[in-house]
Amino acid sequence: MYALITVCDYCATAKYMNGSEINFNTIENIDILLERYKNGIIYKGIVEYRKDKNYFADSPINALRSDMMMESESRYKESPDGNIYYLEAPTGSGKTETSINLMLNMIKEDTDINNVFYIFPFNTLVEQTAGTLSKYFKKDIDFAVVNSITPIIIQKDMDSDESNYEHSYLERILNNYPIVVTSHVNFFNALFGCGREQLFPLVKLCNSVVIMDEIQSYRSSIWRHIIIFLNTYAKLLNIKMIIMSATLPRLDKMLDDDRGHFIELIKRPERYFKNPIFKNRVDIDLALLEYRKIDLDVLADKVIRFEDNKVLVEFITKVSARKFYNIMINKRPDLDIIELTGDDNAKYRKDVIADITNSDKLIVIATQVIEA
């Protein structure tokens with residue numbers, strides 16, 4: 001109620017003071033978005049796979065991805081009245097593409113739903129998903145990125161064709177776009193915050209599909225609080241939530257009594273996890289565990305043994321990544337060693353990926369940013 005009252009007051013004041021009239025942007029014609037998506041190469045491939053199971057004979061991983069997408073869509077249609085949907089599948093199995101298909105079907109099935117929010121714990125995942133969405137939808141028209149590193153979308157004045165900064169700022173703080181790709185900071189401020197502008201996106205969250213990725217990245221000590229709020233908001237504000245991850249904790253088991261309506265979109269995830277295509281992608285070497293806490297000098301010596309290959313060393317924190325990078329440079333300044341963390345800009349990250357692709361031997365020291 002507080003969010004509704006303050007948004008109305010803010011919009012009325014903006015109109016009175018500078019003529020900035022806000023019309024809430026929602027998905028008005030889902031059929032147009034569905035048509036664009038179905039004209040994409042991935043959906044067309046799945047249509048062919050439905051007709052002929054041998055269609056992906058030369059690419060068995062795409063057969064698995066197609067099975068997962070078809071199963072999740074079927075499971076949703078069996079239980080369209082759920083509050084929260086779980087999508088658990090291996091890394092690289094196409095969860096983002098599956099979530100796009102699901103959210104379009106949800107909006108098509110429930111005419112009251114007309115907004116979409118993609119929520120991520122890392123800005124690199126925001127950028128990655130924006131890239132995927134741009135294959136089907138128009139950026140800054142059908143969808144917009146709202147986070148700390150993306151500039152405000154500047155709207156033009158209809159009469160003078162000049163930039164209307166007041167109106168653009170208002171659209172931004174209201175998250176007034178049909179599909180919003182944003183960080184968890186913006187989302188959790190709307191759910192848990194008390195500040196006026198923090199709560200503005202809550203109005204747009206009504207009647208929406210909310211897709212949360214990498215849920216396991218949030219601090220485990222607040223998982224119970226998160227699922228209580230998500231479950232309650234989903235029921236009260238008509239929100240369909242899709243929680244997806246390769247390591248998905250069953251958050252609803254933390255609820256005391258009201259379990260809500262939780263739906264597993266993949267009935268037997270192990271069918272995909274245990275498939276050799278995913279299961280046997282890596283060979284695990286546990287030799288360093290004998291040291292209990294792995295010394296970085298020992299790790300450096302281990303890495304140097306593979307200097308004629310492409311090597312990735314991934315750290316949880318930027319501090320430890322930088323420390324190891326300095327150790328490696330001091331030990332072997334002659335090697336081609338690259339550091340990549342969340343502090344690096346998007347252009348540099350793309351350049352690094354290009355170097356990795358084009359190199360036969362390279363050592364990359366990175367944080368989780370490399371995964372995106």
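Modeller: Rings of Phe, Tyr and Trp, the last taken by its six-membered ring, count as a pair if their centres lie within 6.5 Å; planes under 30 degrees apart are called stacked, and those over 60 edge-to-face. In this predicted model, that rule gives 15 aromatic pairs. One of them joins Tyr-37 and Tyr-136 in an edge-to-face arrangement, with 4.8 Å between the centres and 70 degrees between the planes. Tyr-37 belongs to helix α2 (residues 30-38), whereas Tyr-136 sits in the loop between α6 (123-133) and β3 (143-146), so this contact ties together parts that are 99 residues apart in sequence. Tyr-37 is buried, its relative accessible area being 1%. Tyr-136 also counts as buried, at 7% relative accessibility.

A further pair, Tyr-86 with Phe-262, is stacked: the centres are 5.9 Å apart and the planes form an angle of 25 degrees. This pair links distant parts of the chain, since Tyr-86 lies in strand β1 (residues 84-88) and Phe-262 in strand β9 (residues 262-264), 176 residues apart. Both Tyr-86 and Phe-262 are buried.

Ring pairs also build a cluster, which consists of Phe-187, Phe-188, Phe-192, Tyr-218, Phe-229 and Tyr-233.

The loop that holds Tyr-136, between α6 and β3, also contains Asp-140. Asp-140 is partly exposed, with a relative accessible area of 39%. Most residues other than glycine have a negative phi. Asp-140, however, has a positive phi, near 70 degrees.

Conventions:
Residues are numbered from 1 along each chain as its sequence is written. This is a predicted model: local features need pLDDT of at least 70, side-chain atom pairs count only at pLDDT 80 or more; totals for chains, interfaces and linings use all residues. Side-chain values use heavy atoms; hydrogens and water are left out. Helices (H or I, at least four residues) and strands (E, at least two) are DSSP runs, numbered from the N terminus. Buried means under 20% relative accessible area, exposed over 50%, partly exposed in between (1.4 Å probe, protein chains only).
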